[in-house]
Amino acid sequence: MSRPVRDARRRIENEHPEIIEGISHCADHVAEPWDTARTTDSDAVSKRLRSTLEATGLLEQLPLVLADVVAAMGYELRAQPVPAPPYVVVTSRGPILRATIEPGRLVVRFDAFEVVRDDDLEQPPAYRRRDGIYLDISLE
């Protein structure tokens with residue numbers, strides 16, 4: 001893990017634990033009505049997660065987290081991030097923050113759901129709620 005990636009992870013974990021916790025609560029809300037531990041409807045997962053993040057005000061806070069992380073890494077953003085692509089994308093796995101900075105493309109994933117594939121390749125992938133949030137950061 002590179003130093004900028006470690007700095008980004010440390011910044012999120014130390015300065016934004018309420019964001020991680022909030023995303024986790026939103027993901028719990030998304031998975032609550034499922035009749036099993038998983039679903040194959042990726043659109044429903046991402047749409048419901050996005051609306052829940054929006055309703056709680058977390059979606060509006062994610063660009064601020066991105067700007068703070070980039071500053072903590074010692075870089076500057078080219079533009080003010082907004083809670084929409086390309087800066088913030090809500091997927092069936094969770095929210096993703098993205099920014100292009102001096103050394104490359106910063107990608108911060110808050111994985112709330114994991115993809116579960118069946119041995120039968122004709123079956124669609126399923127999405128299962130993770131235990132907590134898996135924070136994945138890369139600089140590409």
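## Sheet, helices and core of a predicted model

Strands S3 and S4 are joined by six bridges in the antiparallel sense. This is a predicted model, in which local features need pLDDT of at least 70 and side-chain atom pairs count only at pLDDT 80 or more, while totals for chains, interfaces and linings use all residues. Residues are numbered from 1 along each chain as its sequence is written, and side-chain values use heavy atoms, with hydrogens and water left out. Helices (H or I, at least four residues) and strands (E, at least two) are DSSP runs numbered from the N terminus. Two strands pair if DSSP finds at least two bridges between them.

**The sheet**

S3 and S4 form a hairpin, with two residues between them. Within this pairing, Arg98 has Val107 of S4 as its bridge partner. Val107 in turn has a bridge partner in S5, Ser138. S4 and S5 pair over 10 bridges, again in the antiparallel sense, and Val115 stands opposite Tyr127 in S5. The whole sheet is open and has five strands in the order S1-S5-S4-S3-S2, with antiparallel pairing. Its edge strands are S1 (38-39) and S2 (88-90), each of which pairs on one side only. The antiparallel pairing of S1 with S5 (residues 126-139) runs over two bridges, and Arg38 stands opposite Arg128 in S5.

| Strand pair | Sense | Bridges |
|---|---|---|
| S1 and S5 | antiparallel | two |
| S3 and S4 | antiparallel | six |
| S4 and S5 | antiparallel | 10 |

**Helices on the sheet**

Helix H1 (residues 3-15) lies across S4 (104-116) and S5, at about 130° to S5. Helix H4 (residues 58-72) also packs on the sheet, where H4 touches S2, S3 (95-101) and S4, and its direction makes about 40° with that of S3. For these angles, axes are lines fitted to C-alpha atoms, for helices over the stretch in contact, and angles run from 0 to 180 degrees between N-to-C directions. Contact means heavy atoms within 4.5 Å.

The expected span of a helix is 1.5 Å times one less than its number of residues. The 13 residues of H1 should therefore span 18 Å, and the end C-alpha atoms of H1 are 18 Å apart, in agreement.

**The core and the aromatic pair**

A nonpolar core is a set of buried Ala, Val, Leu, Ile, Met, Phe, Trp, Tyr and Cys residues joined through side-chain atoms within 4.5 Å. The largest has 36 residues, and Leu106 and Phe113 have the most contacts inside it. Two or more residues of this core come from each of H1, H2, H3 (42-56), H4, S2, S3, S4 and S5. H4 gives the most, with seven residues.

Phe113 is buried, because its relative accessible area is 0%. Leaving aside residues up to four places away in sequence, Phe113 touches several parts of the chain, among them Ala27, Val30, Trp34, Val45, Leu49, Ser92 and Arg128.

One aromatic pair is found in a search of the whole structure. Its members are Trp34 and Phe113, whose ring centres are 5.7 Å apart and whose planes stand at 40°, so the pair is tilted. Rings of Phe, Tyr and Trp (its six-membered ring) pair if their centres lie within 6.5 Å, and planes under 30 degrees apart count as stacked, over 60 as edge-to-face and the rest as tilted. The pair links distant parts of the chain, with Trp34 in the loop between H2 and S1 and Phe113 in S4, 79 residues apart. Trp34 counts as buried because its relative accessibility is 18%.

Arg50 is placed in helix H3 and counts as partly exposed, at 31% relative accessibility. Not counting residues up to four places away in sequence, Arg50 touches Leu59, Pro83 and Val90. Between Arg50 and Ser92 there are 42 residues of separation in sequence and 9.5 Å in space, C-alpha to C-alpha. The peptide bond from Pro85 to Pro86 is cis, with omega near 10°; Pro86 lies in the loop between H4 and S2.

Notes. Buried means under 20% relative accessible area, exposed over 50%, partly exposed in between (1.4 Å probe, protein chains only).
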